[in-house]
Amino acid sequence: MAEQFIGKASEFKDGDRQIVRIGEDEIGVFKHEGAFYAYSNFCLHQGGPACEGLTIANVEERLRPDKTSMGLHFTDQMNFVCPWHGYEYDMKTGCHVKDKSVKLRKYDVVTKGNDVYVVA
Amino acid sequence: MSSPRTKKAAPKAAKPSTKAAKPAIKASRAASKPASDEGMTGRDKANFIKAMMEGIAPKDASGKRPPIKVEAPKKVEILRKISAPTPVERKSNPLSDEALKFAARLEEKFANGDFEALTPEATQALMTAICKLYSANAEAGNKFPVVKDRFSVTGTDAMILCGALLKAVDLQVFELGMWQSWSGI
Amino acid sequence: MDLIADRGRRVQVDELNTSKLLAHAAKQTRDKGFDDVLIVDVDAHHYENESFGEILPFMENEVLKQLAIASRAKGGRGNVAPSGFGYQDMGGRVTRYPLRSSEKTDANGPHRDVQLGNRWMDAMGVDYSCLFPTGMLSIGLHPQKEMEVELCWAYNRWVTEKALPESGGRLFTMLCLPFSDADECLRQVETFGHRPGVRGFMVTTVRPKMGVQDNAYMKVYRAIEERGLVLSFHSGPSWGDHTFQSCNRFLSAHALGFSWYNILHCTNWVVNGMGERFPKLPVLWIEAGLSWIPFVMQRIDHEYMLRPSECPLLKKKPSDYMRDMFYSVQPMEIQDMGALETTFRMMDAENSLLYASDYPHWDFDLPSTIWDLPFLTDKARHNILGGTAHRLFKLPPRNEAQKQNLIKYGNYQEF
């Protein structure tokens with residue numbers, strides 16, 4: 001494993017992503033809320049381009065104290081969705097939003113000055 | 001039967017043996033996510049995860065892949081750049097421009113101590129329209145802060161206006177609290 | 001282009017390109033050597049509503065044709081065919097739905113649907129696809145029998161005269177029958193049954209009217225059997241059906257609906273001894289997944305033993321007749337591998353199961369879903385992906401390696 005230069009930090013606005021191929025790996029690098037996250041771009045379902053789909057807030061159902069439903073609401077958690085079938089992953093963990101054991105391979109991202117490296 | 005797919009004509013000798021050994025296939029259950037890990041050895045799990053991540057052909061035992069040499073430089077290729085989502089831009093319009101100018105004039109009057117710049121009827125009409133407009137947006141999910149920032153109005157200002165609005169429609173504070181907890185708005 | 005995400009936030013996306021979207025599928029095709037395996041996709045789709053401008057002129061009745069064409073005029077004057085409720089694309093999460101119109105095709109090339117078909121087939125390593133409509137899967141809900149007949153007729157003419165001839169033989173069809181009118185079904189079997197690319201006829205199972213066992217249909221089944229064609233039943237959802245009106249999520253209505261309508265008609269088919277009446281008629285049940293099959297086998301075998309007087313035509317258990325029929329694999333529920341293996345055993349998947357992608361619909365399956373199953377024999381793997389379909393639909397291998405594999409696993413036939 002080595003640090004692989006993938007670009008300048010100044011080139012990433014918050015919410016930007018890059019899909020990079022490093023050797024034999026294909027990796028999605030996200031900048032989200034000021035931090036970098038990098039995951040395998042192969043969806044754990046059928047191998048779709050997991051990091052290339054829609055980014056969308058997580059959905060929760062709110063209940064009142066009497067257990068009646070207040071309906072569906074977006075939360076502050078941001079997810080990314082595989083465009084093939086809709087597998088939805090938590091931006092900060094790479095875990096499927098419903099089954100934490102379904103987790104994309106995560107890569108460390110290192111910034112040195114204005115340079116961004118993925119450890120792969 | 002004509003074939004638009006020329007890749008089918010590739011020499012078959014170049015293909016590796018079609019049939020993979022069963023264990024190798026086990027190593028790449030690309031679509032499978034067993035509900036239970038029972039029956040899987042540690043090696044099975046490692047192969048499974050590796051195949052999931054890397055899309056390894058089942059016919060190639062994943063363990064046989066040459067080890068990656070740490071010191072060997074890897075080719076880094078930027079495949080795609082995907083721009084950040086852009087927030088919805090609310091375009092200016094004549095009515096908003098007019099409202100901004102009017103609000104600025106009122107602020108200026110107030111700064112000069114003139115808090116009777118509007119008649120009570122004019123204040124009521126303005127308050128009624130703004131109240132409806134803001135609520136309709138909130139109910140439609142178009143939420144934005146009701147004032148620009150924390151210091152646009154004082155806490156006293158806010159409490160006086162909230163109280164007056166509740167009184168105007170004959171509501172008590174506890175009813176407001178109850179409604180907020182049930183509606184989520 | 002923009003897609004709307006949460007809270008009105010817009011996400012910029014590139015135009016759709018099926019080959020790019022399925023690049024990882026193409027990698028699987030290369031890695032797994034799918035070129036050497038005959039792969040037949042018995043259930044893929046196009047959006048025929050995008051070609052209504054070409055299809056509707058084939059309607060025969062002048063008055064109904066005028067109604068249909070006028071309804072498509074600008075201003076949203078109505079729907080030609082029944083349309084269902086639902087959110088197949090999950091609010092844009094499955095991006096190929098909202099982006100579909102942005103995909104570019106060669107204006108001077110074959111029909112757009114053929115060009116798109118070639119892109120996904122090439123990426124997945126599929127050699128042949130059976131092309132089905134999308135919106136017309138709800139045709140059984142049309143309140144007007146006459147309009148159902150006209151629309152099926154027009155679609156069947158268009159797909160056999162305009163679309164399939166441009167596909168180089170890679171796309172084939174099982175034509176949509178106007179099942180509300182048995183006489184018209186027969187006329188369409190007689191008219192279209194011999195046309196190139198027609199490998200069978202399809203009944204949409206979302207329909208509240210007559211049961212498949214009605215005497216009126218016997219002549220239709222016989223005509224299909226005589227022609228050596230396949231009779232298929234294609235399922236679908238119907239959220240508006242009273243059965244599903246208590247479902248408050250699309251997931252529920254979709255998950256149950258697709259299985260339910262095949263459960264319903266398959267049960268009627270088996271219990272009424274259709275397998276005894278038409279022993280040479282291949283029957284194929286499409287797009288209901290697989291988990292319903294052991295359920296129905298268990299249920300009706302159980303009641304068959306208790307109430308034999310209600311199914312005197314049967315000479316063996318209902319599940320035996322079910323094993324004599326065929327099933328498309330998609331959407332395969334790969335959740336509990338043990339349960340899936342049991343399902344394969346119970347249905348004799350090696351001889352009864354046919355690969356289907358359902359592309360481009362949201363829950364499509366790649367060939368690797370079959371190829372990678374840990375419990376399959378090599379023969380089963382090859383049979384399911386294409387060997388059985390090769391024999392059923394008389395589709396020749398497309399290269400020598402495929403032929404050798406068909407021979408190796410006992411499937412090869414000269415046509």
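This is a predicted model: local features need pLDDT of at least 70, side-chain atom pairs count only at pLDDT 80 or more; totals for chains, interfaces and linings use all residues.
Figure 1. Helix α4 of chain B (residues 120–139) is the top contributor, giving three residues to the patch. B:F102 sits in helix α3 of chain B, which covers residues 94–111. With a relative accessible area of 34%, B:F102 is partly exposed.

**Figure 2. Helix α4 of chain C and what covers it.** This helix takes in residues 62–71, and its buried residues are C:L64, C:K65, C:A68, C:A70 and C:S71. Part of the cover over those buried residues comes from α6 (145–163) of chain C. Look also at the start of α4(C): there, a side-chain oxygen of C:N61 comes to within 2.9 Å of the backbone nitrogen of C:V63.

Figure 3. C:E150 is part of helix α6 of chain C. It's buried but makes no salt bridge, and the nearest side chain of opposite charge, C:R187, is 6.2 Å away. Setting aside neighbours within four places in sequence, C:E150 is in contact with C:M59, C:E60, C:N61 and C:L64. Two of these turn up in the view of helix α4(C) too: C:L64 as a buried residue, and C:N61 at the start of the helix.

**Figure 4. A:Q46 reaching over to chain C.** A:Q46 belongs to the loop between β4 (35–40) and β5 (55–63) of chain A. Its relative accessibility is 3%, so A:Q46 counts as buried. The side chain of A:Q46 gets to the backbone nitrogen of C:L366 at 3.0 Å. For context, chain A has zero helices and ten strands, and 59% of its 120 residues are buried.

Figure 5. The side chains of C:K27 and C:D31 pair up at 2.8 Å, N to O. Both residues are in helix α2 (residues 23–32), four residues apart, which is about one turn of the helix. An α-helix has 3.6 residues a turn, so residues three or four places apart point the same way. C:K27 is partly exposed at 23% relative accessibility, and C:D31 is partly exposed with a relative accessible area of 23%.

**Figure 6. A buried salt bridge between two loops of chain C.** Here the side chains of C:R398 and C:D127 meet at 3.0 Å, N to O. C:R398 is in the loop between α16 (378–393) and α17 (400–408), and C:D127 in the loop between α5 (112–124) and β4 (128–132), so this pair ties together parts that are 271 residues apart in sequence. Both partners are buried. Across chain C, 76% of the contacts between residues at least 6 apart in sequence join residues at least 24 apart.

Figure 7. In chain C, the side chains of C:R307 and C:E310 come together at 2.7 Å, N to O. C:R307 is partly exposed, with a relative accessible area of 44%, and C:E310 is partly exposed as well, at 49% relative accessibility. Elsewhere, a network of salt bridges links A:R21, A:E26 and B:E77. Over all chains, a search of the whole structure turns up 31 salt bridges.

Key
Residues are numbered from 1 along each chain as its sequence is written. Chains are lettered from A and ligands numbered from 1 in the order in which they are written. Side-chain values use heavy atoms; hydrogens and water are left out. Buried means under 20% relative accessible area, exposed over 50%, partly exposed in between (1.4 Å probe, protein chains only). Contact means heavy atoms within 4.5 Å. A polar contact is a pair of N or O atoms within 3.5 Å; within protein, one must be able to donate a hydrogen and the other to accept it, and residues adjacent in sequence count only if both atoms are side-chain atoms. Lys and Arg count as positive and Asp and Glu as negative; His and the chain ends are not counted. A salt bridge is a side-chain nitrogen of Lys or Arg within 4 Å of a carboxyl oxygen of Asp or Glu.
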